[in-house]
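Please read the notes below with the structure open beside you.

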Amino acid sequence: SSIAALVPGGAEAIADVANAAGVQGATDQVTQALLLQTMLQQQPQSSKSSRELYVGNLPSGGLATEQSLKDFLSRAILQAGLNVQSGTPVMQARINGCYAFVEFRSVQECTNGLSL
C-alpha cells in the first residue's frame with residue numbers, strides 16, 4: 001500500500017513536494033515517506049492550533065496527569081472509531097491547573113474529539 005494513503009490529501013501533497021524538490025517518480029515507499037516527512041516539517045505552526053483541543057474542568061490536586069489524559073483521550077478516540085489512521089491519535093497534553101490543551105496528530109482527529 002502507499003504511504004500517501006495514510007494522510008488525507010497525502011498523494012497530492014507528496015506530488016507537490018516531489019515536483020518542488022525535482023524528484024521524478026516518487027512511487028517507492030521510502031521516497032514517499034521522506035517526502036511526507038518533509039511536507040509535515042514544512043507545515044506552518046498555525047496548523048498546531050488547529051490540532052489542539054481545550055479541555056476544561058479537570059479535577060484539582062494533580063489527579064489528572066498529562067500522560068493519563070493523553071492515554072484516556074487516545075483510548076476514547078480509538079474505541080469510538082473516530083481515528084483517521086491507526087496508532088495513537090493524541091500527541092501531547094499540557095495541563096495548567098484545571099484545564100489542558102490536548103494536541104492531536106491531525107485536524108480531523110481533533111475535530112472528531114469534539115464528539116466525545
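Predicted model: local features only at pLDDT ≥ 70, side-chain atom pairs only at ≥ 80, totals over all residues.

1. E109 is buried, with a relative accessible area of 0%, where buried means under 20% relative accessible area, exposed means over 50%, and partly exposed is in between, computed with a 1.4 Å probe on protein chains only. The side chain of E109 meets that of R105 in a salt bridge, with 2.7 Å from N to O; a salt bridge is a side-chain nitrogen of Lys or Arg within 4 Å of a carboxyl oxygen of Asp or Glu.

2. Residues are numbered from 1 along each chain as its sequence is written, and side-chain values use heavy atoms, with hydrogens and water left out.

3. How many salt bridges does the count come to? The count comes to four salt bridges, and one of them joins E103 to R51, whose closest N and O atoms are 2.9 Å apart. E103 lies in strand β3 and R51 in the loop between α3 (46-50) and β1, so this pair ties together parts that are 52 residues apart in sequence; helices (H or I, at least four residues) and strands (E, at least two) are DSSP runs, numbered from the N terminus. Both E103 and R51 are buried, and K48, R51 and E103 are linked in a network of salt bridges.

4. R94 forms another salt bridge, with E52, and here the closest N and O atoms are 2.5 Å apart. The pair links distant parts of the chain, with R94 in strand β2 and E52 in strand β1, 42 residues apart. R94 is partly exposed, with a relative accessible area of 29%, and E52 also counts as partly exposed, at 21% relative accessibility.

5. The strands named above belong to an open sheet of three strands in the order β1-β3-β2, with antiparallel pairing; two strands pair if DSSP finds at least two bridges between them. β1 and β2 are the edge strands, each pairing on one side only. Strand β2 (residues 90-96) pairs with β3 over six bridges in the antiparallel sense, and the two form a hairpin with two residues between them, where G97 in the turn has a positive phi of about 70°.

6. Y54 counts as exposed at 51% relative accessibility, whereas F101, at 33%, counts as partly exposed.

7. T88 has its place in the loop between α4 and β2, and at 47% relative accessibility T88 counts as partly exposed. Leaving aside neighbours within four places in sequence, T88 is in contact with S74 and R105, where contact means heavy atoms within 4.5 Å.
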